[in-house]
Structures are given as C-alpha cells and as structure tokens.
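Let's take a walk through this structure together.

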Amino acid sequence: MKSQTYIRAGFKIGVPFLLIMLFCGLTFPGCDSQDPDSETSASQFNLKHLDSLGETVIQNGSTYRFVHIYSEAPNYGWVGDEDEGIAALDDAARAAVVYLRHFELTGDSGSADKAKQLIRFVMKMQRSDGLFYNFIFDNALTINTTHQNSRADAFQWWAGRGVWALGVCAQVFEASDPTLSKLCETRIRLTFPYLEQYLSKYGTYDTIGGRRYPQWLVDETASDATSELLLGLISLNRAYPDGVVQELIDRFSDGIATMQYGSLNVFPFGSHASWQEIWHGWGNSQTMAVSEAGRPASAIFEADNFYARLLVYGFLHSIPFDNPNNEREFEQIAYATRAIAVGLVKLSEATSDRKYAVMAGLAASWFTGNNVAGEKMYDPATGRGYDGIGPGGIVNRNAGAESTIEAVFTVLEIENNPVAKEWMSAKGGTVQQVTKGGKDYSYRVFTIGAGAKEQRLGLILNLTDQKSMIYENTDLDQFLANGI
C-alpha cells in the first residue's frame, strides 16, 4: 500500500498562519492583489516570483539552479526547513517543466537558460544507479540522504517527476541542443530496471472493497506518481521513438485506466484513484497523462463524470473510498487545481472537443477567484501562487515553490488555448437542483464579462441518465425555462 502523506503547499510550521491571514485581510504590504476592473485579455503569465525563488550556484565549472521550497508572507523571502532542507528535486523538476514549456511556446532564451540549469540540478540529484535523492540542505548542494522523502532506496514519486523533467528536456532540446537532449535520454534509461521491476507484475491485481487494483504501478498502486512518470516517458518517446519506451507507456497507461471506479452518480464518481482506496487532488495527473499518451478513454470518463461534479459542487481535497460520507473539502491547493485544469486542456487537444477546453477554463478560474474563498489564488502582478485555502475559506498567503510553479504552469497552458483562456475569468453561481420531465438535474451557471459583453453557460449534471452537458446561449435559456 502506498503511504504518501507529503503535502508541502504552504502549510508548514512557521509564522502563525492566522496572523498572516489577518495581515493580508488588512492589505498588509506584500499581500499583493490586482484590481479586478483592470483585468484585460493580456497575458497573466508571470515568472517573476518563480525567478525570485531560484538560486544558482557554480560547482566545478557547471551552473546549477534550484528552487527554494518555502516563501512566507508578508515579505516573501526564502524560508528553509531544518528537517527537509532548502530545496528539492521535486520542485526543481516541476520548475524545469514550466521553463521548458515556456521556451517551447515562446522561444524565450532566459527560460531556456534557467531550464538547463535546473536540469543539471536534477541530474546531480540522480545517482549512478538511476535512483534520485530529493532534498538539499544548503547552497553547497549538500544532499539530504536520510529524510524519508529524500532517500534514494527505491524509485519514488520525486523520481517520477525527475523523469518528467528529463523527458520534456529531451523533447524540447532535441534540435537546438542535441547533446543535452541525448544526455537526458541516457539518464532516463538508467531508471528502466526499476520501472521494469514494477512492470514484472503486469496483469496482476489485488481486490479491496470490491475494487480491483493493478499491482504494476509505482509503489504498486500509485496512479498519481505513475501519471507524472508517464508524462516524461511520453516526451522521451516523442524525441526518440522506441519500442521499449512505447511498451512502458502502454502498460503504465493500462494500469492508470484500470484504477477508475463509479460514474456520475455512483461513488466514487468516475475518478482515477490516486492509490488504493483513496482519491486526492494533488498530483493526480492521470487525465493529462493518458490524453498525452493518445489513450484518452478514461480521461473522457473522468472529465464527463468526476470533473463535471467537482465544477458544479465544488473542489475537494480527498475522498476515502471506504467511507463515502467522509469527503474532505480542505485544504484546496494549486497542485490539485493544475492537475484538473491542465488535464482538461490536454484532453481537449487530444479529442478536439471544445467542451473540455471550456471546462479547463472553469477549473482554472479557481485561481482568479472562483473558489470557496472568493479570492484570487494567483497574483498576475507578482506571479505568486498562494499556498491554499483552509477551513472556513481562509487563504494562506504564503507563496512557496509548489504553489507558484503549479499556478504559473496552469496559466501558461490555459492561455495557450483561446477557449480555456476566455473562461478562466468565469464566476460561478450557486448550485441549483431541479426535476424536469421526470429527471433530476444539478447545475451551475457561469458568467464572463459584463453588460452587453456578458456570456453565460450552464454545466448541467443529468443525474438520472448519468451524463453531463454544457449549454450556452439559447440552449441554456431553453433549459432554464422549459427543460430539455
């Protein structure tokens, strides 16, 4: 059984949380916000804060870059942790993906340089046997080899993110820096013995609570960690097509697709389980991964059922499968929202279905204030991604690496899709429940713009027939007035 309990998004011990919230509620300096009246169609993507979290060091003639883990309001300086250290492979790999993607989309040379420095750090954290450490203690790059979330004694979830970064690097720099690209390929192949060890159980299952769980994913059932590993393998295979890599992709995709249970109105509602007997939001990149793998069937089912429910009823932190009545709402974090929003973008690209681009924008509107707190969780003026929403809708104004990386990654991918970008500014109405024509519906109306420029759509759950729909314009008016 997988035992990941590691959530770093801003809820570390430090400056008292509620005190920070009170300061920010009084617009204490450093708690930046942007006047909603100033919003335009201009890009909200901003690397400023992520850049400020980075630090470069030179060792033996090579420049390495890492990303400081924590950054606390109101001053947003670097904050370390005595137990973990000051930075992690986990964040450096994700930041590398952001800079690589930004370079791929824009040709920005600064992002290319930072990406290469981060990739050098990722490689430094990999041992010669292919396994990865996670934390460093200081800017001398002293590796933390003893923390439970840093030991290189197995292929763990931070190793999956390392492969993701290396794979994207191999793809993005295949033409412009083939030496680095091939080196990334070599480093990924060092991990294959561990991946093949997992896949030696391909086709075997364990049954718990009436649900079958594949035993060949990372840590046997870690569908979440496997999804981000899969993204790296997909990028590698795009750069250097190979039958061995394709088989890894296919078999991990099989396992992920198998870990899906329920439907729109049947618990657990068509979600991809994170590991056995639980769904949680953070790192659940399965829809993104299987869409990128060209196998979107389970992604379509998750989007039409589970994601549609979340967009109507509200985001959740986690759902334990052994207790349907024990859903947990908080904390809500950027890492969970990105998985949904970017997953839906990639599903839209894989299927050419506008519906999923609209849903991606609605999911990303969590960052622009369409959330239970009614506050922005990303500040485009500074590039800060805030660390989460806690019980009572209290916003944690810290802006650590994870939250900032996941926020800017979401904005980057959403803005690359015009439909998703348009609906990222949506505001949602209250949930409505009606019976029409003998069928039960729950729905929520979302709006963008104002006055003559206002647009509306309804995300509608037909609970009787177990299907979801998006109605716009006259179709929405007809549903609201008369039903279908």
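**A walk through the model**

Take Phe367 to begin with: Phe367 is buried, with a relative accessible area of 2%. Here, buried means under 20% relative accessible area, exposed means over 50%, and partly exposed is in between, using a 1.4 Å probe and protein chains only. Before going on, bear in mind that this is a predicted model, where local features need pLDDT of at least 70, side-chain atom pairs count only at pLDDT 80 or more, and totals for chains, interfaces and linings use all residues. Residues are numbered from 1 along each chain as its sequence is written, and side-chain values use heavy atoms, with hydrogens and water left out.

Trp366 is buried too, at a relative accessible area of 1%. Rings of Phe, Tyr and Trp (its six-membered ring) pair if their centres lie within 6.5 Å; planes under 30 degrees apart count as stacked, over 60 as edge-to-face and the rest as tilted. That rule gives 16 aromatic pairs. In the pair of Trp366 and Phe367, the ring centres are 5.1 Å apart and the planes stand at 90°, so this one is edge-to-face. Elsewhere, Tyr213, Tyr261, Phe267, Phe269 and Phe321 make up one aromatic cluster.

A charge sits over a ring if NZ of Lys or CZ of Arg is within 6 Å of the ring centre and within 35 degrees of the ring normal. Arg384 has its charged end over the ring of Tyr76, 3.9 Å from the centre, and Lys124 lies over the face of Tyr64, 5.4 Å from that ring's centre.

Now for the nonpolar interior. In soluble globular proteins, nonpolar side chains tend to be buried together. A nonpolar core is a set of buried Ala, Val, Leu, Ile, Met, Phe, Trp, Tyr and Cys residues joined through side-chain atoms within 4.5 Å. The largest one in this model has 140 residues, and those with the most contacts inside it are Leu50, Ile119, Phe155, Leu233, Phe252 and Leu344. Its largest share, 11 residues, comes from helix H5 (residues 157-172). Helices (H or I, at least four residues) and strands (E, at least two) are DSSP runs, numbered from the N terminus. There is also a second, separate core of eight residues, including Tyr441, Tyr443, Ile460 and Met469.

Finally, the backbone. Which way does the peptide bond from Ala73 to Pro74 go, cis or trans? This bond is cis, with omega near 5°, and Pro74 lies in the loop between strand S3 (70-72) and strand S4 (77-79). The bond from Phe267 to Pro268 is cis as well, with omega near -5°; Pro268 is in strand S10 (residues 266-272). Asp219 has a positive phi of about 55° although it is not a glycine, and Asp219 is partly exposed at 22% relative accessible area. Asn473, in helix H16 (residues 473-482), has a positive phi near 55° and is exposed, at 54%.
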